[in-house]
Amino acid sequence: MNRDHVYASEMDTILHAERGASGGRETWLTRDEVAALPDGSAVADRDASFVLRGGTLLPWSHQGYGTPVAIDRMAARLRLLTPPATIAAIRAGFAPQVHASAEA
C-alpha cells in the first residue's frame, strides 16, 4: 500500500495479520535489532514483556513499569510484540504514550 493514508478497516486487517497473538508470523530480533527500534516498541523475553525507552527496556506488568534493564542483559533473541505497521507509524512521527510508572 503506497498512499498517504490508510482507512481504519485496512489498518485493522494489516495489524491483525502482523500480530503474533492473532496467528500472524512471529518476528524474532537480535539485541542489536531491538536497540535500533524506536522508543515505544515492545518485545518479549520468554514470558516477560518490555517497552523500549531511552535505550533500555522497561519491564511491563499490570502493576506498571519496572526498573530499566540494559538490552545487552537480555536473551540473544527477543520476540517483537509491536506490529511492524505500528513501528512504521512511530518512525513516521506517532508518539506513543506511556504510563507514569515509566517515569519513576
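In the predicted model, the backbone oxygen of P38 lies 2.8 Å from a polar atom of the S41 side chain, a polar contact being a pair of N or O atoms within 3.5 Å in which, within protein, one atom must be able to donate a hydrogen and the other to accept it, with residues adjacent in sequence counted only if both atoms are side-chain atoms. S41 is located in the loop between α2 (31-35) and β2 (42-45); helices (H or I, at least four residues) and strands (E, at least two) are DSSP runs numbered from the N terminus. With 1% relative accessibility, S41 is buried (under 20% relative accessible area; exposed, over 50%; partly exposed in between; 1.4 Å probe, protein chains only). When residues up to four places away in sequence are not counted, S41 touches F50, V51, L52, T82 and I87 (heavy atoms within 4.5 Å).

I87 is also one of the buried residues of helix α3 (residues 84-91), together with A85 and I90. These buried residues pack against α1 (8-18) and β7 (77-80). Just after α3, G93 adopts a positive phi of about 125°.

One salt bridge is counted, defined as a side-chain nitrogen of Lys or Arg within 4 Å of a carboxyl oxygen of Asp or Glu. The side chains of D45 and R46 form a salt bridge at 2.8 Å, N to O. D45 is buried at 11% relative accessibility, whereas R46 is exposed at 65%.

Residues are numbered from 1 along each chain as its sequence is written, and side-chain values use heavy atoms, with hydrogens and water left out. As the model is predicted, local features need pLDDT of at least 70 and side-chain atom pairs count only at pLDDT 80 or more, while totals for chains, interfaces and linings use all residues.
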